[in-house]
Amino acid sequence: MSDQHIASAYDRDLEAIQAQIMKMGGLVEAAIVGAAESLEKGDLELAETIIAKDAAIDGLEERINEECARAIALRQPTASDLRTILTVMKISNNLERMGDYAKNIAKRTGVLAQAHPIDGAGGSIRRMARQVELMLKDALDAYIQRDAELAQDIRHRDGDVDQMYNSLFRNFLTHMMEDPRNITSCMHLHFIAKNIERMGDHVTSIAEQVIYLVEGELPGDDRPKRDRTSYENAEPHA
Amino acid sequence: MNDMRPLERIVDTETVKISARKCQVFYGDTHAIKDVDVDILDKTVTAFIGPSGCGKSTFLRCLNRMNDTIDVARVEGEIKIDDEDIYDTKVDPVQLRAKVGMVFQKPNPFPKSIYDNVAYGPKIHGLARNKAELDEIVEKALRRGAIWDEVKDRLSEPGTGLSGGQQQRLCIARAVATEPEVLLMDEPCSALDPIATAQVEELMDELRQSYSVVIVTHSMQQAARVSQRTAFFHLGYLVEYDETGTIFTNPKDPRTESYITGRIG
């Protein structure tokens, strides 16, 4: 199969749409790293920048949606072209949500800078955010390279993020039980950890879209889920 | 975000090439075109769509005075190309048609060689001083018609011996040989297979670098693919005229919406 359409403008349209997804992905990666950094260092100025930049991510999502609608109306894409358009729309939606989570983390930086500090929490959150950011980077690479194997690998790596979240969850619970002054910090930190865990799910969804794009169907196997917090309670473990 | 290349299909010129005001066409007592006002842009593909009998071909034929050849047809109102009234008595319709080329539904090569098909127009309009110049014009036109590579070794063979898609591209080459400024195409792909259609469509996209291209098509998908501006005609009226993306994603008039979504025809 030739890579090019006879209508060269069609190729240029598809490339332009995908270039926007890459641009959006780059902004989201930067937002994740920045949000975690602002949190760890209590850097309110950086947090403000992250919050302000979310508008650009939202703007790109809107634009990608419009352009996909246009491509569907004008080109009637079929087969791999159709899958490209469909996956672009879903991925942009995943990225937009991730941008929102990063913004939410940055918003909590202010309160946490004032609240009772929790030892080691900033570092753990940063490592977890870093892990998600790397997964996102690989997912975007997998998208551009049309690499289903790499995408499959990313799905499995989300299990590590879930485990980090489990251990933070228990950690925060312990801190809160030890000293009620930790509650404010731990509540906010828990939302942050949960947000990052959700980001990992969105990256997983992007990876699944890559598999759909390449193979024409979503992966059939259930991926391992390691988020156990739904079953946790505050009673000390027997 | 402004550093991003805008999507291909956005119109990048605002120069008006053809302007019609209060245009009316009558065939005897039949009022076929009613009060059409339109500004067609230069270096743009403009598509006319609409159900059969809506007047889109009739209006297209006003743009190079092809309706003059029909005895009962009468055109009123004003049509200007480059601000010049083409229905002025001083205008020679033959000269006008050299400036406003036309390609028809069925490929209609002359029963002559491939070379002569293309050379005919430049010859009668005196565009070449000698054989070498004529050769050059023919090659250039065949290249623009995206058919040069396929016919360069058999220029003396009859044009009618080519395949349908090749004949249509030959007719396009013939139309561009006189260096027109406007190219009118009436259903240029309806007799072609999908691949030949795609080649002609790609050609239109190239031609719009230099010309104002106006195409009448029954295929809404084709209008969507090739044009930057789309005009929807219905019962002799120009119902809606807008950027193609807008017409196909968010038309303003309910009649346009009904037509493009397949609810009226």
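Colleague: Which residues does A:A139 touch, not counting residues up to four places away in sequence?

Modeller: Keep in mind that we are looking at a predicted model. A contact here asks for C-beta atoms within 7 Å. With residues up to four places away in sequence set aside, the partners of A:A139 are A:A151, A:I154, A:V203, A:I206, A:A207 and A:V210.

Colleague: Let's turn to the strands of chain B. What is the bridge partner of B:R229 in β10(B)?

Modeller: Strand β9 (residues 229-234) and strand β10 (residues 237-243) of chain B run antiparallel, joined by six bridges. Two residues lie between the strands of this hairpin, where B:L235 takes a positive phi near 50°. As for B:R229, its partner in β10(B) is B:E243.

Colleague: Where two chains meet, which element gives the largest share of the side of chain B that touches chain A?

Modeller: Chain B brings 18 residues to the contact, and chain A brings 18 residues. On the side of chain B, the elements giving two or more residues are α7 (194-207), α8 (220-226) and α9 (244-249). Five residues, the largest share, come from α7(B).

Colleague: How many residues on that side of chain B are charged?

Modeller: The side of chain B that touches chain A includes six nonpolar and five polar residues. The charged ones there number seven.

Note on methods. Residues numbered from 1 in each chain as written. Chains lettered and ligands numbered in written order. Predicted model: local features only at pLDDT ≥ 70, side-chain atom pairs only at ≥ 80, totals over all residues. Contact = placed C-beta atoms within 7 Å. Pairing = 2+ DSSP bridges. Helix = DSSP H or I, 4+ residues; strand = E, 2+ residues; numbered from the N terminus. Nonpolar A, V, L, I, M, F, W, Y, C, P; charged D, E, K, R; others polar.
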